[in-house]
Amino acid sequence: MNTYAYQGKLAVVTGASSGIGEVYAGALAAQGCHVVLAARSEKKLNALAGEIQRKYGVQAYALPCDLSKAGAPRQLAESIAELGLTVDILINNAGVGTHGRFEEIDPEREQEEIMLNTAALVDLTHHFLPGMLQRKDGVVVNVASMAAFAPCAYSAVYGATKAFVLSFSEALWAETRGRGVRVLTLCPGATDTGFFDAVGSRDMAAGSALSTPEKVVQAGFRGIDKGSIYIIDGRNNHMAAQMGRFLPRHRVAMIMERISRPKKH
C-alpha cells in the first residue's frame, strides 16, 4: 500500500454542499488539504467553507455552479485558474438520479442527469488531468455507483450514466498507470444522504440497508492508497456486483426489474 500525501495539496470537490461530497471535503481538509467546493447552493457552500477554514486551518473556496448546464465545467475551471490555484486532486462526486417508468420521467430532467453525471465529469477531468500528468502527481476519484454493474430498470438513465463513469474511469486508470496519477472509481451502494429525497423515492434503493457517507469516503481513501481500479463500499455490495459475471444478462436485467419495481403508495 502506497499512502498518498494530501498535506498542502488542493482538491476540487463537486457536489460538495451535502452528503458524500461534504464529508469528502471535510476528510480532505482534516489531512491538511485545501479545498475548492463546487455545488449549486451558494449559501451552503459558503457556510461549509467557513466551517472548514475554522476547524482545519486550510483554505476553502466556495464556487457555486450548476454543472448540469452547458459550459459550467469550463467556467468553474476558469474561476479556479483566476484564483491562481493548481488542482492536485479532483473528486467528481456531483450527480443526480431519476426513478420510475422511463416513459413517465421528464425528458428534460434526464438530459440534465446525463450532462451532470457524465459530460461534466469528463469535462472537468479534461481540464485538470493534463496538469497532474505533467507534474507526475495527482488523484482523480470519479464517484459511480453499484448501479454501474447491472442494467437498472426504472433507473435506466441513471444506471447507464454510472456504467459510463465506471468504464471511462477504468480506461483512465489503465492510461495513467506509472505516470504519477491515481485514478479510482468509487462505487457506493445505497447511502444515507439527501439523494433519495431528491429522487423522490426510496424504491431505487431496492431494500438495501443504507451505508453512511463517512464509510463511503473512507473506502475512497483506501482505494487510492491501494492503487485500486475501483472500490465498492461494503462486502455485501461487492458480492452483489459480481452477479453479472455469473448470470446471463437477460437474467440480471429481470432480477433488477423485480427488485427495483416502483411500489404502490
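**Sheet and helix packing in the predicted model**

In this predicted model, strands β1 (residues 10-14) and β2 (residues 34-38) pair in the parallel sense, and 5 bridges link them. Within this pairing, Val-13 has Leu-37 of β2 as its bridge partner.

The two strands belong to an open sheet of 7 strands, arranged in the order β3-β2-β1-β4-β5-β6-β7. The pairing in this sheet is parallel. Its edges are formed by β3 (60-62) and β7 (230-232), each of which pairs on one side only. On average, neighbouring strands of the sheet are turned by 15° against each other, with direction ignored. Helix α5 (residues 156-176) packs on the sheet, where α5 touches β5 (138-143), β6 (181-187) and β7. The direction of α5 makes about 155° with that of β6.

A further packing arrangement involves two helices. Two packed helices are described by the angle between their axes and by the distance between those axes. For helix α1 (residues 19-30) and helix α2 (residues 42-56), the angle is about 25° and the axes lie 10 Å apart. Angles under 35 degrees count as roughly parallel, and α1 is therefore roughly parallel to α2. The crossing in which α1 passes α2 is right-handed.

On the α1 side, the contact is made by Glu-22, Ala-25, Gly-26, Ala-29 and Ala-30. Helix α2 contributes Leu-48, Ile-52 and Tyr-56. By residue class, the contact of α1 with α2 comprises 6 nonpolar residues, 1 polar residue and 1 charged residue.

Note on methods: Residues numbered from 1 in each chain as written. Predicted model: local features only at pLDDT ≥ 70, side-chain atom pairs only at ≥ 80, totals over all residues. Heavy atoms only, no water. Pairing = 2+ DSSP bridges. Helix = DSSP H or I, 4+ residues; strand = E, 2+ residues; numbered from the N terminus. Axes fitted to C-alpha atoms, helices over the stretch in contact; angles between N-to-C directions. Contact = heavy atoms within 4.5 Å. Parallel < 35°, antiparallel > 145°, perpendicular 65-115°, else oblique. Left-handed = near helix turned anticlockwise from the far one by under 90°. Nonpolar A, V, L, I, M, F, W, Y, C, P; charged D, E, K, R; others polar.
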